[in-house]
Amino acid sequence: MEIIVLLKQVPDTAALIQIDGDNVSIKTEDVKWVINPYDELAVEEALRIKEKHGGKVTILTAGPESAANNIRTALAMGADEGILICDPALAQADPQLTAKALTAALKGLQHDLIIAGSRAVDDDSSYVPTAVAGYLDIALLSMVVRQSISDGKIQCEQTVQDGALVVEAGLPALITTQRGLNEPRYPSLPNIMKAKKKPLTVKNLADIGLSAENFGPGSLKTKIVSLTYPPKRNSNKVVVEGGSAGEKAVRLLALLREKSVVG
Amino acid sequence: MSKYVLVFAGYAPSGFKKSTFEAISEGRRLADRLNASLTAVTAGHGVRNIAGGLAEYGADRIIVCDHPELAEFDQSRYTSILEDIVKQNSPGIILFGPSSYDKSVAACLAARLDAGIASECVGFELDGDRLLATRPMYGGKLLAGVTLEGAAQIACIRSNVFPVATAPRTAEVVTIDPQIKESRIRIVEKKLKNSDRVDLTEADIVVAGGRGVGGPDFGLLERLADLLGGAVGASRTAVDEGWRPYADQVGQTGKVVSPKLYLACGISGAMQHLAGMSSSECIVAVNKDPDAPIFNYADFCVVEDLFKMLPALINEVRLLTY
């Protein structure tokens, strides 16, 4: 089975996010980059499928040079090969351009199954997997918490608003991951060493048949025009005092009623 | 061809959700500012019986797409309905609700129209015909102002942010007969819950528990939530320990909620949890540990054992209601 994992690097949760001078991007110098948590689930599931059915796991990323480090982490988890689409024209890419770049790369790769995270925790977007599945004209099964493959079909349990659905589609298909799918493995030291020798190819837009002039800032469909810090909360924080839990409860409820938070 | 705002009234097998009315109310507000009309689209099976209700919130026109094959949600089929409407007569702005169904149709439509999309929006402004959407990024650490290009400006609202406002009128109801295409996806089994409790992402009040609860017995939190008409949430720890289901998780890899009141019990307040609840209107933290990071974010800080505080609070709330 040829399995492709779409991987994105995102700032670590604990990272200090600061607005850069242009007011439309963040400072990246001191940011620790990690694999998008939902994409980690994707890597892990791909490895489990490979362990069960045989085949190859390829990590595909569209991102800056630093993303190579996160691809290496995925290789250390057990993936076989990495491809990084890196191009100056993609530096400020929106999800629309990212989806197009990934699609072009995927069209040049055999793919029986594509696995992606259901969303990216930095921009909270779930657009990319949806668009890629649409462009490739394959089934999209999102928010998957369990999957099984047999006879060229994949059956998945999806989390939906009111519970879960078990659905089935023929391969090739694209599935997106949801919490509960698995617990990603930690790369072992021997595997970290092995990963250094695994192929990681860097391609630019021309290498995947695309023209950079269709990808610059002028081609953005989703434009960030400003970034601001949210109003600081908690500047009027109140410590609810009381000699006992009972007293604190009385006081808290009075405070909440004052604020009309509770009726 | 006159200007109009389109709102997708969502997949609503058990009636429209509050968040749909929020989207329509906001659509009405934008349409008024644009001197445009508001069209709501509802698709499903049996929706013709409830479609008229959308006029209450300001829809001038209601497009009804009622078909047995639409009883089950199918991203591609639902998107095709909207795509056909948009291709006939393009609205300047298309708004969606916050549910996973809404977002999935919105993203699919944006891809087919090669248009930009902004989801989890907490505010909208207009500059002429151009929409400026405000949405959180980086787990709520920043707010982004976003503009959209393409055949339509597509946005999904965040739950519990936009007020529901009635703007009743007589609406034109249009019934369309959709061409239902073969789906790639076959539904094998449905495991749907019929919960009486309000959905976590729509709740005005969330009572959430973390490591401090110490085990799967969330009875005190459930009792308090029931009394307050709220929902029960959980931190990642509580979910990882197997005490609560993934669906209850609030956080970066769980649900993002923005209730009027978030009561965090025995939750330390890790960044990834904050990402899920930082836009709550009022945060109350109950924790034995005075140094818990959550006290840096809470509006009301209660340093107390939750097993003492919750019964006391339940008592006080009961006194209120009797």
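This is a predicted model: local features need pLDDT of at least 70, side-chain atom pairs count only at pLDDT 80 or more; totals for chains, interfaces and linings use all residues.
**View 1. Chain A as a whole.** The secondary structure of chain A comprises 6 helices and 13 strands. Its C-alpha trace extends about 65 × 45 × 40 Å along the principal axes. Of the 263 residues in chain A, 49% are buried. When contacts in chain A between residues at least 6 apart in sequence are taken, 70% of them link residues at least 24 apart.

**View 2. Strand β1 of chain A and its two partners.** One partner is strand β4(A), residues 56-62, which pairs with β1(A) in the parallel sense over 5 bridges. Within this pair, Ile4(A) has Thr58(A) as its bridge partner. Another partner is strand β6(A), residues 113-117, also parallel to β1(A), with 4 bridges. Here Leu113(A) of β6(A) stands opposite Ile3(A).

**View 3. Helix α1 of chain A.** Helix α1(A) runs from residue 37 to residue 53 and has 17 residues. At 1.5 Å a residue these should span 24 Å, which agrees with the 25 Å between the end C-alpha atoms. The buried residues of α1(A) include the charged residues Asp39(A), Glu40(A), Glu44(A) and Glu45(A). Tyr38(A), Leu41(A), Ala42(A), Val43(A), Ala46(A), Leu47(A) and Ile49(A) are buried as well. After the helix comes Gly54(A), with a positive phi near 80°.

**View 4. The contact between chains A and B.** In this contact, 71 residues of chain B meet 68 residues of chain A. On the chain B side, the elements that give two or more residues include the helices α3 (100-113), α6 (271-277) and α7. Helix α3(B) gives the most, with 9 residues. By class, the side of chain B that touches chain A holds 35 nonpolar, 18 polar and 18 charged residues.

**View 5. Antiparallel strands from two chains.** Strand β9(A), residues 163-170, is joined to β11(B) by 7 bridges, and the two strands run antiparallel. One residue pair to look for is Leu165(A), which stands opposite Lys190(B) of β11(B).

View 6. Strands β13(A) and β16(B) run parallel and are joined by 2 bridges. Val238(A) has Phe300(B) as its bridge partner in β16(B), and Val239(A) has Cys301(B). Strand β16(B) is also joined to β15(B), by 4 bridges, and these two strands run parallel. In that pair, the bridge partner of Asn287(B) is Val303(B) of β16(B).

**View 7. Helix α7 of chain B and its surroundings.** Helix α7(B), residues 306-321, has 16 residues and reaches 22 Å from its first C-alpha to its last, close to the 22 Å expected at 1.5 Å a residue. Its buried residues are Leu306(B), Met309(B), Leu310(B), Ala312(B) and Leu313(B). They lie on the same side of α7(B), because they cover an arc of only 165° around the axis. An α-helix has 3.6 residues a turn, so residues three or four places apart point the same way. The face of α7(B) turned away from the buried side carries the exposed residues Arg318(B) and Leu319(B). What covers the buried residues includes a helix of the other chain, α6(A), residues 245-258. From chain B, the cover includes α4 (219-228) and the strands β14 (261-265), β15 (282-287) and β16 (300-303).

How values were computed: Residues are numbered from 1 along each chain as its sequence is written. Chains are lettered from A and ligands numbered from 1 in the order in which they are written. The expected span of a helix is 1.5 Å times one less than its number of residues. A residue is buried if 20 or more other C-beta atoms lie within 10 Å of its own, exposed if 12 or fewer, and partly exposed in between; C-beta atoms are placed from the backbone. The arc is that of the directions from the helix axis to the C-beta atoms. Two residues are in contact if their C-beta atoms, placed from the backbone, lie within 7 Å. Two strands pair if DSSP finds at least two bridges between them.
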